[in-house]
Amino acid sequence: MRNELTPLATENLITWPTHEFEEILLACDPGEALKPDDPRHADLSPLRSGVGVRRLQNTLLQRKAPGKYHHCLLCGHRGSGKSTELLGLQQWANENGFLALWEQVDARFGMIDLDYSDLFLLAASMVDEGIGANERPLLVPKLRNILSWFHDITKEDEEIRQSEVGVEVGGQLGGTLPFSLGALFAKLTTGIKGTTKHTQKVRETIRRYPNALVNLTRDFLEEANRVVITEGHPKGLLLIFDNMDRYDPVQIDGILMRSSQQIQNMACHTVFTFPISLAYKPITGRVDYPTALLPMLALRSRKAGWKETVAASDYEEEQIDRVREMLARRVDLDTLFSSREDVRQMIRLSGGAVRDLIQLISLAATSTQEGDQITSEAVHIAVQELRGTYMRLLATTPQDYRCLANIAKRASVATAESNYAEAINRLLFNGCLLEYTEDGEPWYDIHPLLLETEELRHALRAA
């Protein structure tokens, strides 16, 4: 079960913060979420005005009627630190009466055309693996029911019966293999990622019987809830579906909005990550789930304007110091950087996006030509490279620069152009616009990496 991040093979050999140049990439991996007990972990809630997962905690502690469950959303930019926060939520939940299981949806499925039926299969698999359902007599019949249904809907297809998926089901029902939805799910999702023909046929077949899958999974989860409650988890199961915000917003709207009635039948507490662009511009309609927003780390005031360069612009130096302290948990900054100002400039340029900041350090480390320190030249190269990534996102939509320019000037964009709403939606999704919270109210600003591009400077002059 993927409820614990795989520890580094070398973790017992490294003491954080590292003083070694060769260990910078281990200390600063942009794709690594940190568990709460990781020495590199830092409480960043003061930089988010105290909002974020605390709202989810308060929601989950509210009692529900028997047979009813909390289904919540956490939205925020990719790279804002959601996975690290959700691992913290998992630990908090386990300490407060839940049995919490965490999963990265994209790690299981890849970037497929996701459907709500996929989440029901994943939920059943998470619980099966997480609590060892095949070792609990009350749950074994529920497992058999799901496997028998799966076998019945696919038994007429010879190709599926002879596939790894079919052989696994036959072996489990035939008694030669132990009951395990996890084993079946692993074979199914391996094929899904590889887009093999038979796994596509299996998924198409499952989607023809969604109500049966929902009912069988609900039956299994209800019994699993009763089991874990009797075993000392009075608030029951909590499933955390991470990284769903990485999928196309149209897909996620289809799963969580258009199929919300089906999601409400998932018989356990759940938290789903959610694209921030859908929070601003829902496709189907109003978002009816309890929702928490994880804003970027606020490094500037809402009232602060932009000057010609990032270095000349106004920042909250105390906030910069807080982020620097976070980095100092990972690497010895004074030893591994040739200039203290380079570190502060990278923090400013990150816009409070944790992943972008970590990526800048990683890029700078790999751009250093020689020596055992990150040089100012390497930092410059890293900035140019990451800036180029964002500029490519804007290459085909010059109107987006006009929208960014108005926001940078703190001008209203509501009536500037009729289709600015679409531009804002797009810019939030790709991270060129970043959301913050100040005095309890959300606001957004341009990504600082874009300020010094000629395209945005031209748009600013025109605005």
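Colleague: How many helices and strands are in the protein chain?

Modeller: The chain has 22 helices and seven strands. Keep in mind that this is a predicted model.

Colleague: What box do the C-alpha atoms fill?

Modeller: Roughly 70 × 55 × 45 Å, taken along the principal axes.

Colleague: And what share of the residues counts as buried?

Modeller: 54% of the 463 residues.

Colleague: What about contacts between residues at least 6 apart in sequence?

Modeller: Of those, 73% join residues at least 24 apart.

Colleague: Switching to helix packing. At what angle do helix 6 and helix 11 pack?

Modeller: About 165°, with their axes 9 Å apart. Helix 6 covers residues 140-154, and helix 11 covers residues 210-230.

Colleague: Roughly parallel or antiparallel, then?

Modeller: Roughly antiparallel. The cut-off for that is an angle over 145 degrees, and the pair packs at about 165°.

Colleague: Is the crossing left-handed or right-handed?

Modeller: Helix 6 passes helix 11 in a left-handed crossing.

Colleague: Which residues meet there?

Modeller: Helix 6 brings K142, L143, N145, I146 and W149. In helix 11 they meet A212, L213, L216, D219, F220 and E223.

Colleague: How many of the contact residues are nonpolar, polar and charged?

Modeller: Seven are nonpolar, one is polar and three are charged.

Technical notes. Residues numbered from 1 in each chain as written. Predicted model: local features only at pLDDT ≥ 70, side-chain atom pairs only at ≥ 80, totals over all residues. Heavy atoms only, no water. Axes fitted to C-alpha atoms, helices over the stretch in contact; angles between N-to-C directions. Helix = DSSP H or I, 4+ residues; strand = E, 2+ residues; numbered from the N terminus. Parallel < 35°, antiparallel > 145°, perpendicular 65-115°, else oblique. Left-handed = near helix turned anticlockwise from the far one by under 90°. Contact = heavy atoms within 4.5 Å. Nonpolar A, V, L, I, M, F, W, Y, C, P; charged D, E, K, R; others polar. Buried < 20%, exposed > 50% of the residue type's maximum accessible area, 1.4 Å probe, protein only.
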